[in-house]
Amino acid sequence: MPDIAALSAELSGIDLSDDRALLRLKSRDFYWYSPILKKRLDGKAAELLARPKNESEVLRILTACRARRVPVTVRGGATGNYGQCVPLEGGVLLDMTAMASPIALVDGVVEVEAGAKMIDLDLWCREQGWELKLWPSTKRTATIGGFVAGGGAGVGGIAHGTMRERGNFYGARVATMQDPPRILDLEGVAANPVNRTYGTTGVMTRIKVPLTPAQAWRDVAIAFDDFVPASRFALELAFSDGIPKKMCGVFDSQLPPYFKGLAEAVPAGNALALVMVAPAALGALKELAADHGGRIVAEQDAVQAERDAEATPFYEYCWNHTTLQVLKRDRGVTYLQCRFPFEDTLKACEAVRIRFRDEVWMHTECVRFGGRTTMSALPVLRWTTQERLYEIIAAFEAEGIGIANPHVLTIEEGSNYRRVPGDQLGFKRMADPLGLLNPGKMRDFSPLETTA
Ligand SMILES: Cc1cc2nc3c(=O)[nH]c(=O)nc-3n(C[C@H](O)[C@H](O)[C@H](O)COP(=O)(O)OP(=O)(O)OC[C@H]3O[C@@H](n4cnc5c(N)ncnc54)[C@H](O)[C@@H]3O)c2cc1C
């Protein structure tokens, strides 16, 4: 058992807390979406919360923890879905949210402290005519560090792919758990080993991401008689190079009634597409929607909506917010994460949508992968048993649909098509030989040095 009192004394001057109620609260994320993870993770908590103000405090914490063999789990906004920031072996929870300052924006690349909230970062960039290429639907609460280390897909994916695409993650400053801990400046492919590795390979203190010129995005909601024309519309929009867009999600008719603030606008039994499009392309979008039998049922200024605490930007119905919108009223559901094939995308989607229509409510998002466009999906699923969940997963896989399983804890088991290329295991052996960073989340790693 680590001597937490002695560790706290050694770290005096740093913002610390050993309040048990606070530790329980801060040691949770949104793993409870998964009944399987809920069972495994409820009750797990850190023994000490540390909130560093700068890089030198991060290094002091890592040095003291390494010397005492205390695990360190990094925490951003704690909006992850797979218990990524839940400490499995106690120790220190390293809360990065006090390190949130933008540092510089040069030639369309922003450098920022890793604990910055993505909405604040995007607003800061917007003032200079730029915006983030990608953000999660949790933009209003998630940090850039958590997005790089634990997310990586979302709004912007229809135009820019995911954070695993070369060029979307410029680099990071990373604190290691070596003897002694040190700071590495990583850029380009050298930074891949900290990209979507759940904080197991280092603590990012600063991050650089390339930006894209800012747009005054419009949110548009389009109702369709059925899911199939809505999906055909979405795919044609995704392939329409002349229409600048940030997002297009499609929802089968069971889902819109759960969308508080939008449900009333969608006729009962209709499927829905939610789109973010540049103002200059509104006319073209409306023509395209009409070609597929779509009717515009709501429209708003997307940038204004996200600044207004009372409003709901349409992206907060999309990506993994769809599941949350349903969970708010019905705790008997969970979800899947999938990617449809690049060819015959809709055929594969229809095969599972029709077969499981009562149990699986289809929700897709257009996204690019390696220069090709397809739909990924976060369908909402009626929870019965683990066996049934795995039967459904197997049926999806039999149709050529990739599954990034959100009901498991480790990078290796859960990432599938979302895994970032690179030698993450080799890097971990170098950067964290004792395996103290978020232990239990990289399955293939075993500690190289003795922890005795
Ligand atoms: C309603 C809802 C919607 C969501 N939508 C999306 C979506 O659209 N796209 C998407 O990708 N995800 C989505 N997610 C998951 C999650 O919100 C995002 O991935 C988000 O970016 C995580 O950021 P965070 O700051 O909350 O990270 P946390 O949950 O705090 O951490 C995530 C992981 O990153 C590690 N980490 C955090 N900061 C650092 C750092 N500085 N250095 C090293 N490691 C670090 C943590 O240890 C943890 O393993 C959603 C979740 C919910 C609940």
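**Before you start**

This is a predicted model, in which local features need pLDDT of at least 70 and side-chain atom pairs count only at pLDDT 80 or more, while totals for chains, interfaces and linings use all residues. Residues are numbered from 1 along each chain as its sequence is written, and side-chain values use heavy atoms, with hydrogens and water left out.

**Stop 1: the domains**

Colour the protein chain by domain: domain 1 is 4-95, domain 2 is 102-213 and domain 3 is 218-403. These bounds come from an automatic or database domain assignment. Now show domains 1 and 2 together; their centres, taken over C-alpha atoms, are 21 Å apart. At the interface, 17 residues of domain 1 are in contact with 20 residues of domain 2 (contact means heavy atoms within 4.5 Å).

**Stop 2: the ligand**

Select the ligand and display what surrounds it: 39 residues, of which the closest are V74, G76, T79, T143 and A153. A backbone N or O atom of G76 is 2.7 Å from a ligand oxygen, and a polar backbone atom of Y198 is 3.0 Å from an oxygen atom of the ligand. For a side-chain example, go to R418, where an N or O atom lies 3.5 Å from a ligand oxygen.

Colour the shell by element: β3 (72-75), α6 (144-150), β10 (203-213) and α11 (321-327) each give two or more residues. Helices (H or I, at least four residues) and strands (E, at least two) are DSSP runs, numbered from the N terminus. Helix α6 gives the most, with five residues. By residue type, the shell holds 17 nonpolar, 20 polar and two charged residues; Ala, Val, Leu, Ile, Met, Phe, Trp, Tyr, Cys and Pro count as nonpolar, Asp, Glu, Lys and Arg as charged, and the others, Gly among them, as polar.

**Stop 3: the sheets**

Select the open, antiparallel sheet of eight strands, in the order β14-β11-β13-β12-β18-β19-β16-β21. Strands pair if DSSP finds at least two bridges between them. The edge strands, β14 (295-301) and β21 (402-403), each pair on one side only. Inside the order, six bridges join β18 (363-369) to β19 (372-377), and R368 stands opposite T373 in β19.

Then move to the open sheet of three strands, β15-β20-β17, also with antiparallel pairing. Here β15 (333-335) and β17 (360-361) are at the edges with a single partner strand each, so one side of each has no neighbour in the sheet. Three bridges link β15 to β20 (380-382), and T334 faces L381 in β20.

**Stop 4: two backbone details**

Zoom to D179 and P180, which are joined by a cis peptide bond with omega of about 0°. P180 sits in the loop between β8 (171-175) and β9 (183-187). Finish at A78, in the loop between β3 and β4: A78 has a positive phi of about 55° although it is not a glycine.

Note on methods. Near = heavy atom within 4 Å. Polar contact = N/O pair within 3.5 Å; in protein donor to acceptor, adjacent residues only side chain to side chain.
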